[in-house]
Amino acid sequence: MSVVTLFATGLAAGLVAGGASCAAVQGGLLIGAVGRRRASSRLPEDGRGGVLTPVAAFLAAKLVSHTLAGAALGLLGAAVQPGPRARAVLLVLAGILMAVFALDLLGVPAVRRITPRPPQAWGRRVRASAKSTSWATPAVLGFLTVLIPCGVTLSMELLAVTSGSLLGGAAVMAGFVLGTSPLFVALGYVLRASTRILQGRLTLAAGVLVLAVAAWTVTSGLRLGGWLPGDAVVAANTGQAVQITTDNRQIITIQAEETSYQPATVLARAGLPTTLVIRTDNTQGCTRAFVIPALGVQQILPETGDTRIDLGTPRAGTLDYSCGMGMYGGRITFQETTP
């Protein structure tokens with residue numbers, strides 16, 4: 001998967017759910033530091049000594065620490081080289097972990113006992129440091145938030161591992177932090193003056209959003225692993241995708257588009273030597289990372305061109321494929337021909 005795609009994935013996760021989830025865990029540290037500094041300063045809020053500077057210091061330091069962590073996790077993934085099924089397991093685990101954190105935010109009592117939390121001694125030390133009026137305090141706290149991750153952050157860290165590269169892991173985490181930044185900036189102003197009722201509603205909204213993202217992540221992992229049941233509907237243009245050559249070989253051609261594969265479902269003949277051709281035409285995004293979990297195939301497609309994959313002589317059954325993130329996929333159904 002390209003660095004741009006990984007960055008966009010992290011950015012989207014941060015914008016959709018990461019901000020609310022991380023704010024529920026880390027926002028109090030920023031609010032405490034900003035509020036303490038403002039109380040000791042006579043400068044106006046929009047001046048050089050106001051709220052914007054500590055907020056910017058907090059987020060900049062957070063961006064640095066998370067990007068470095070993502071790069072390290074990407075290197076770890078490169079050393080381990082997880083296959084499609086291993087990455088699928090990581091995605092499912094990330095989704096389950098997000099769901100646990102979401103249920104914790106929603107106040108489910110049974111979940112609180114199993115929710116991962118930082119050591120109490122560490123939490124007390126960080127909260128105590130937030131009382132300092134030093135300008136360095138927000139920056140230090142922002143850098144150390146990597147040690148107090150929210151559920152969505154943990155899932156992004158798992159995604160950084162699956163990227164298998166230093167730049168890819170860094171891109172995921174950098175995009176994620178930038179995606180969460182707008183909400184953190186707003187919370188720096190709003191939550192300090194909000195009532196507990198408003199804070200409770202924000203936590204509820206965050207829980208619902210994170211739960212939705214968790215479901216999406218688990219579904220992507222199941223699709224990437226080839227464990228997601230597909231429907232038996234055959235695309236209307238599936239006949240155009242299958243050609244039988246004069247030497248009785250079968251060629252299946254699939255178009256990789258920006259957000260789908262066309263046709264997504266193909267009906268083909270079993271028992272024939274088969275070649276799969278994936279065609280791209282100025283294609284960007286996740287669909288360029290093509291995966292066939294059952295065969296262990298991982299192929300990065302060119303932006304434009306044809307990529308040929310030998311499928312051998314398939315038996316009757318189904319063969320699932322997807323993008324490297326499990327977001328988009330399809331299925332080839334091989335059927336025995338009647339004599």
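I began with N248, which counts as partly exposed at 40% relative accessibility (buried means under 20% relative accessible area, exposed over 50%, partly exposed in between, with a 1.4 Å probe and protein chains only). This is a predicted model, where local features need pLDDT of at least 70, side-chain atom pairs count only at pLDDT 80 or more, and totals for chains, interfaces and linings use all residues. Residues are numbered from 1 along each chain as its sequence is written, and side-chain values use heavy atoms, with hydrogens and water left out.

**Backbone**

I found N248 in the loop between β1 (242-244) and β2 (250-256) (strands are DSSP runs of E, at least two residues, numbered from the N terminus). Its phi is positive, about 65°, although N248 is not a glycine. N282, in the loop between β5 and β6 (289-292), also has a positive phi, near 55°. I then looked up Q262 and P263, which are joined by a cis peptide bond with omega about -10°. P263 sits in the loop between β3 (261-262) and β4 (265-269). My reminder: most residues other than glycine have a negative phi, and most peptide bonds are trans.

**Salt bridges**

How many salt bridges are there? I get two, taking a side-chain nitrogen of Lys or Arg within 4 Å of a carboxyl oxygen of Asp or Glu.

R279 and D306 form one, at 2.9 Å from N to O. This pair links strand β5 (residues 274-280) to strand β8 (residues 305-312), 27 residues apart. R279 is partly exposed at 35%, and D306 is partly exposed at 44%.

R331 pairs with D320, the closest N and O atoms being 2.6 Å apart. R331 is in strand β10 (residues 329-335) and D320 in strand β9 (residues 317-323), so the pair ties together parts eleven residues apart in sequence. I noted that both R331 and D320 are buried.

Notes:
Helices (H or I, at least four residues) and strands (E, at least two) are DSSP runs, numbered from the N terminus.
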